[in-house]
Each structure stands twice: as structure tokens, then as C-alpha cells.
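Reader: I would enjoy walking through this protein with you, one question at a time. Could we begin with the charged pairs and then move on to the helices and loops?

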Amino acid sequence: MAIERFEPGKRMSQAVVHGDTVYLAGQTAQNTVGTGVTAQTQQILDEIERLLAAAGSDKDHILMATVYLSDIATFDQMNAAWDAWVSKTNPPGRATVEARLCAPDYLVEIVVVAARVR
């Protein structure tokens, strides 16, 4: 079975498709200056939608999401963006954990696995 890689870099690919499953790399906000958790989450969700579309999927086909927060006290702020965005008819499984992220400016990182629909 072929493996497709989207936006490969020297360290990782932003998306990998194997069979009918799409795996996204952990997504963080591209613009962190002066942004809070809600704004970073919205940026990330927009990027997730873009990557899923490129790989032949969409948010209705997300199977599992893992959300990493630098501070679990910001859970409600992250959910403000998530709840407005997530598919109301097809919500995925989700885990949310507190973790030290790779840079202090990153407040949120989201990883998703989705079914491919094309």
C-alpha cells in the first residue's frame, strides 16, 4: 500500500496518508505574537482544515484529536474555538492534556487522525 506525504520537510511531513487514513503532524499557531489560547486554537484549526483538504479529507471525518495545552487552566479558552469549529454531527474522539510544548510562545498543539474520503 502506497504512502503519500504532504509538505515533507527535513524533519517531518505535515500530513501522511496510508490507505484511507490521514495522519497530521502536531499543528501549532504560525503567529503567536500577542495571541492567546483561543486565537492560537483558531489558527491551528484553520491549518488542520487546509491540510485535511489537501489530503482528501475534512473535519467531518476526523477520527481522533489530541490537544496539548501548555496550561490546562486554559481548557475553556481552547474549547471556545474548538466548539465553534468542530462538526456538530460527527464529533471525533478527543483527548486533552497539559504538556510543556517546544517553545514558550506555543500555547496549544493539536494532532489529528482522519479518514480519507476521496
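Author: Gladly! A salt bridge here is a side-chain nitrogen of Lys or Arg within 4 Å of a carboxyl oxygen of Asp or Glu. Please keep in mind that this is a predicted model.

Reader: With that cut-off, how many salt bridges does a search of the whole structure find?

Author: The pairs counted must bring a Lys or Arg nitrogen within 4 Å of an Asp or Glu carboxyl oxygen. Searching the whole structure on that basis gives a total of three.

Reader: Which residue forms a salt bridge with Glu4?

Author: The closest N and O atoms of this pair are 2.5 Å apart, which is within the 4 Å cut-off because a salt bridge is defined that way. The pair links distant parts of the chain, with Glu4 in strand E1 (residues 3-8) and its partner in the segment after strand E6 (108-115), 112 residues apart. The partner of Glu4 is Arg116.

Reader: How many residues apart are Glu47 and Arg50?

Author: Both residues lie in helix H1. Their separation is about one turn of the helix, that is, three residues.

Reader: Is Glu47 buried or exposed?

Author: Arg50 has a relative accessible area of 39%, so Arg50 is partly exposed, and Glu7, at 39% relative accessibility, likewise counts as partly exposed. Glu47 has 14% relative accessibility, and values under 20% mean buried. Glu47 therefore counts as buried.

Reader: What is the phi of Glu7?

Author: Glu7 lies in strand E1. Its phi is positive, in a residue other than glycine. The value is near 55°.

Reader: Which residues form a negative surface patch?

Author: One member, Asp58, sits in the loop between helix H1 (37-54) and strand E4 (62-69). Asp58 has 31% relative accessibility and so counts as partly exposed, and patch members need over 30% and no salt bridge. The patch is formed by Asp46, Glu49, Asp58 and Asp60.

Reader: Within what arc do the buried residues of H2 fall?

Author: The buried residues of H2 are Met78, Asn79, Ala81, Trp82 and Trp85. Seen down the axis of H2, they line one face of the helix, because they fall within an arc of 165°.

Reader: How far apart in space are Ala73 and Ala15?

Author: Ala73 lies in the loop between E4 and helix H2 (75-85), and with a relative accessible area of 63% Ala73 is exposed. Ala73 and Ala15 are 58 residues apart in sequence. In space, from C-alpha to C-alpha, they are 29 Å apart.

Reader: And what distance separates the C-alpha atoms of Thr89 and Ser70?

Author: Thr89 is found in the loop between H2 and E5, and its relative accessible area of 67% makes Thr89 exposed. Thr89 and Ser70 are 19 residues apart along the chain. Their C-alpha atoms are separated by 29 Å.

Reader: Finally, what distance separates the C-alpha atoms of Arg100 and Ile44?

Author: Arg100 is in the loop between strand E5 (93-98) and E6, and at 83% relative accessibility Arg100 counts as exposed. Arg100 and Ile44 lie 56 residues apart along the chain. The separation of their C-alpha atoms is 17 Å.

Definitions and conventions: Residues are numbered from 1 along each chain as its sequence is written. This is a predicted model: local features need pLDDT of at least 70, side-chain atom pairs count only at pLDDT 80 or more; totals for chains, interfaces and linings use all residues. Side-chain values use heavy atoms; hydrogens and water are left out. Patches are made of residues with over 30% relative accessible area and no salt bridge: like charges are joined within 9 Å, nonpolar side chains (Val, Leu, Ile, Met, Phe, Trp, Tyr) within 5 Å. Accessible areas come from the Shrake-Rupley method with a 1.4 Å probe; for residues, only the protein chains shown count as cover. Lys and Arg count as positive and Asp and Glu as negative; His and the chain ends are not counted. The place of a charge is taken as NZ of Lys, CZ of Arg, CG of Asp or CD of Glu. Helices (H or I, at least four residues) and strands (E, at least two) are DSSP runs, numbered from the N terminus. Buried means under 20% relative accessible area, exposed over 50%, partly exposed in between (1.4 Å probe, protein chains only). The arc is that of the directions from the helix axis to the C-beta atoms.
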